[in-house]
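Subject: Handover of a structure

Dear colleague,

Please find the structure below.

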Amino acid sequence: MYDVIIIGAGPAGMTAALYASRSNLSVLMIERGAPGGQMNNTAEVENYPGFESIMGPELAFKMYEGAIKFGVENAYGIVQGINDQGSFKEVVTEDKTYQGKTVIIATGCVHRKLGVKGEEEFAGRGVSYCAVCDGAFFRNKRLIVVGGGDSAVEEAIYLTQFASEVTIVHRRDELRAQKIIQDRAFGNEKVTFIWDSVVEEILGNDMVVTGVQIKNVQTGEVTEEAAGGVFIYVGLDPLTEPFKASNITNEAGWILTNDQMETAIPGVYAVGDVREKGLRQITTAVGDGSIAGQQVFDFIESQKDIETVQ
Ligand code: FAD
Ligand code: NAP
């Protein structure tokens with residue numbers, strides 16, 4: 001039986017692991033991929049204190065090295081659900097069940113699909129959700145980026161180092177991205193915009209993407225734009241399917257917690273992007289992780305007191 005089982009090794013989970021293991025608790029961290037979470041798909045991080053600028057995968061590696069220093073145990077696994085057994089919890093993966101006195105859910109979220117014709121067909125053949133992973137395959141090509149948030153605009157700028165032109169297609173005439181990121185895009189001569197427009201279909205030949213069909217939502221006009229690749233950044237969906245049965249999510253699927261990161265189940269915490277919250281950032285993820293990492297210690301101590309009284 002572990003003191004703490006952490007599900008997910010993004011910045012939130014890794015920080016919770018660091019804090020809990022430094023309190024001398026036995027910690028198991030279960031991850032379905034490489035540690036780092038969304039940081040592995042991020043080009044440059046410029047808003048993590050202490051680093052003027054750092055590549056996402058490098059920050060992920062540094063955090064991981066720090067997180068496991070105090071004896072955290074790692075396991076590969078895709079968590080399917082948790083069972084509350086009162087004094088302990090079970091965490092179920094595809095082939096194993098682990099027991100823990102407490103659980104910290106840190107599964108984050110995943111890019112949303114656009115849901116248009118051609119998206120699935122050309123995934124990996126010109127359709128991408130990760131500029132860091134795939135950008136270099138598109139040297140001297142025109143690229144389309146869909147979305148108007150921080151991810152779309154920041155990754156569009158990143159892609160200009162490879163592409164001949166990067167065109168952001170946004171459904172409104174105003175970006176959602178932070179002002180500083182917007183200003184950089186407006187000042188980059190390789191970045192162009194198609195406003196008030198949605199991508200209706202991703203076009204291609206037998207092999208690769210050749211362009212997109214776009215509709216102007218104001219005029220209804222439909223046009224085709226040639227492009228060698230399409231990068232989609234239209235928001236995020238929480239990775240909470242395994243916890244739906246536990247009744248700790250809201251209607252949209254985000255996990256509800258208080259400011260101590262406690263869910264409705266005593267001993268079960270949620271941290272980082274997976275929570276219903278206002279600002280989804282690396283800094284807020286590590287903040288959540290540190291709070292939960294400390295809270296589990298207090299919770300386990302309080303359970304000992306209850307046992308002594310009984
Ligand atoms: P995640 O990073 O999503 O990590 C969750 C982890 O849980 C993943 O490793 C996942 O594999 C694992 N997991 C999920 N489900 C399961 C399961 N069932 N079983 C086992 N493991 C599971 N923020 C900034 O502050 N600055 C930036 O510059 C910045 N740039 C960004 C650029 C992009 C393109 C994107 C998409 C995001 C960016 N962000 C940035 C946001 C930031 O990356 C996130 O807020 C942060 O990573 C959230 O951390 P997390 O630990 O909560 O979740
Ligand atoms: P987001 O902020 O939710 O933005 C999604 C964008 O996609 C919005 O502009 C939205 O348009 C558009 N969109 C949504 N559905 C669409 C559809 N079906 N068709 C066309 N467009 C659609 O998502 P995000 O940019 O991925 O950011 C997620 C979180 O990560 C945010 O909290 C963000 O701050 C954070 N992040 C931070 C940084 C940083 O700090 N440097 C970098 C990246 C991400 P509308 O604007 O019209 O709604």
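Three strands make up an open antiparallel sheet, ordered β14-β15-β16. Strands here are DSSP runs of E with at least two residues, helices are runs of H or I with at least four, and both are numbered from the N terminus. Two strands count as paired if DSSP finds at least two bridges between them. Because β14 and β16 (222-226) each have a single partner strand, they stand at the edges, and one side of each is left without a neighbour in the sheet. From one strand to the next, the twist averages 25 degrees (axes are lines fitted to C-alpha atoms, for helices over the stretch in contact, and angles run from 0 to 180 degrees between N-to-C directions).

The model is predicted: local features need pLDDT of at least 70 and side-chain atom pairs count only at pLDDT 80 or more, whereas totals for chains, interfaces and linings use all residues. Residues are numbered from 1 along each chain as its sequence is written, chains are lettered from A and ligands numbered from 1 in the order in which they are written, and side-chain values use heavy atoms, with hydrogens and water left out.

Within the sheet, β14 (residues 197-204) and β15 (residues 209-216) run antiparallel and are joined by 7 bridges. A hairpin of 4 residues leads from β14 to β15, and V198 has K215 of β15 as its bridge partner.

Turning to ligand 2, its shell holds 20 residues, the closest being N47, D150, S151, R172 and R176 (a residue is near if one of its heavy atoms lies within 4 Å). Helix α4 (residues 150-159) gives the most to this shell, with 3 residues. Domain 1 (2-111 + 236-309) and domain 2 (127-232) both contribute to the shell, so ligand 2 lies between them; the domain bounds come from an automatic or database assignment.

Polar contacts are pairs of N or O atoms within 3.5 Å. An oxygen atom of ligand 2 lies 2.7 Å from an N or O atom in the side chain of R172, and an oxygen atom of the ligand is 3.0 Å from a polar backbone atom of G148. The protein covers 79% of the 930 Å² of accessible area that ligand 2 has on its own (Shrake-Rupley method, 1.4 Å probe).

With kind regards

Conventions. A polar contact is a pair of N or O atoms within 3.5 Å; within protein, one must be able to donate a hydrogen and the other to accept it, and residues adjacent in sequence count only if both atoms are side-chain atoms.
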